[in-house]
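This briefing is meant to be read alongside the sequence and the coordinates.

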Amino acid sequence: MNDCCGPARATGAKPSDAAPGTATAPPSRVPVRRRTDLLRGMVAVPGGPFLMGGDDEDAFPADGEGPVREVAVGPFHIDATCVTNARFAVFVKDTGYRTEAETIGWSYVFGAFVPPRARHAVLPGRVPGAPWWRAVEGASWRAPEGPGTSFGDRGNHPVVHVSWHDAAAYAAWAGKRLPTEAEWEKAARGGLVRARFPWGDEPTPRGRHRCNIWQGDFPVHNTREDRFLGTAPVNAFAPNGYGLYNVSGNVWEWCADRFSADWHVPDVPQTRVDPAGPPVGDTRVLRGGSHLCHRSYCNRYRVAARTANTPDSTTGHAGFRCVVPG
């Protein structure tokens, strides 16, 4: 996959005293939650078939965006927004959980976002093909831009620097799970058929920005025409037809599935009815694009677009939302 979308841990430098590791084990104490509590802040997505995938002229064939195919999923509820910093903090306080970035000791930060007070923590090395990514010691969900920073007044922004393992641990604590890729795409489409974006086919209908992506000259100048430089609040912009916010841009969202560029191509029941992805694979799917997407190099904020990363990788532009079946 393209490291511009999200570099993997194996790509970058590590502190000399840090070794690859895993996050804290999933919490053993999971609260018993009533269904009414589980569904608070979630929206219902009807079951049934939909057309999944895309054949956009600016698609990335190597990503396996196509073919366009009819896929059926059962009914489910999905978080209207990504999990916020404030909500993730409740999980950490309740369980004592330590994220993968905290355990290993570093995470990837967009280089221009590292403030002067944190530059001493930038580790040597560059990500091939994506030098704007910097491995920063001490960067985590608590310190998104590195040591001395915090999410501060961004409690309503999506939590970032969370790995797939971290997202799955949170989901288990919340009594939920991560969405399958098919569930994510059905929800993101909001009932529209083969639209490029959650709101239709035009990137900026009537000149209005509908998502948080990069405007200007990437990676040196963001004009902030959409009002945001980094992440935006999770409920910024108008929701789609099902009531989901920010499913394009802002942050990439982890899905449950392992990634493959071709597992889904054969027209067989396991790829067309409640598909759960390939049974083996080293990477996990991310969907939706982020605030770093730009039409000049990475227009993966289209609904059909996809990418992947290793389940221990963490960056300043990846988060998640959860689902509940039925």
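**Helix H2 and what follows**

Helix H2 is followed by Gly 96, a residue whose phi is positive, near 75°. The model is a predicted one, and the points below are grouped by topic.

- The buried residues of H2, which spans residues 85-95, are Asn 85, Phe 88, Phe 91 and Val 92. Seen down the axis of H2, these buried residues fall within an arc of 115°, so they line one face of the helix.
- The partner against which the buried residues of H2 pack is helix H4, residues 164-173.
- Thr 99 belongs to the loop that runs between H2 and helix H3 (100-104). Thr 99 is buried, with a relative accessible area of 0%, and its side chain makes a polar contact of 2.8 Å with the side chain of Glu 102.

**Nonpolar cores**

- The largest nonpolar core holds 31 residues, of which Val 83, Phe 88, Phe 91, Val 159, Tyr 170, Trp 254 and Phe 320 touch the most other members.
- The elements that give two or more residues to this core are H2, H4 and strand E9 (252-258), and H4 gives the most, with 6 residues.
- Apart from this core lies another, of 22 residues, among them Val 45, Val 71, Phe 76 and Val 247.
- As general background, nonpolar side chains tend to be buried together in soluble globular proteins.

**Leu 286 and its contacts**

- Leu 286 lies in strand E10, residues 284-287, and is buried, with a relative accessible area of 5%.
- Once its neighbours within four places in sequence are left aside, Leu 286 is in contact with Trp 252, Glu 253, Trp 254, Arg 306, Thr 307, Ala 308, Asn 309 and Ala 318.
- The C-alpha atoms of Leu 286 and Trp 164 are separated by 9.4 Å, while the two residues are 122 residues apart along the chain.

**Cysteines**

- The structure holds 0 disulfides.

**Backbone features in loops**

- The peptide bond from Gly 66 to Pro 67 is cis, with omega near 0°, and Pro 67 lies in the loop between strand E2 (48-52) and strand E3 (69-73).
- A cis peptide bond also joins Phe 218 and Pro 219, with omega about 0°; Pro 219 is placed in the loop between strand E7 (216-217) and strand E8 (221-222).
- His 161 has a positive phi of about 60° although it is not a glycine. His 161 lies in the loop between strand E6 (133-137) and H4, and counts as buried at 0% relative accessibility.
- Asn 246, which is not a glycine either, has a positive phi of about 55°. The loop between E8 and E9 contains Asn 246, which at 9% relative accessibility counts as buried.

Conventions. Residues are numbered from 1 along each chain as its sequence is written. This is a predicted model: local features need pLDDT of at least 70, side-chain atom pairs count only at pLDDT 80 or more; totals for chains, interfaces and linings use all residues. Side-chain values use heavy atoms; hydrogens and water are left out. A disulfide is a pair of cysteine sulfur atoms within 2.5 Å. Helices (H or I, at least four residues) and strands (E, at least two) are DSSP runs, numbered from the N terminus. Buried means under 20% relative accessible area, exposed over 50%, partly exposed in between (1.4 Å probe, protein chains only). Contact means heavy atoms within 4.5 Å. The arc is that of the directions from the helix axis to the C-beta atoms. A nonpolar core is a set of buried Ala, Val, Leu, Ile, Met, Phe, Trp, Tyr and Cys residues joined through side-chain atoms within 4.5 Å. A polar contact is a pair of N or O atoms within 3.5 Å; within protein, one must be able to donate a hydrogen and the other to accept it, and residues adjacent in sequence count only if both atoms are side-chain atoms.
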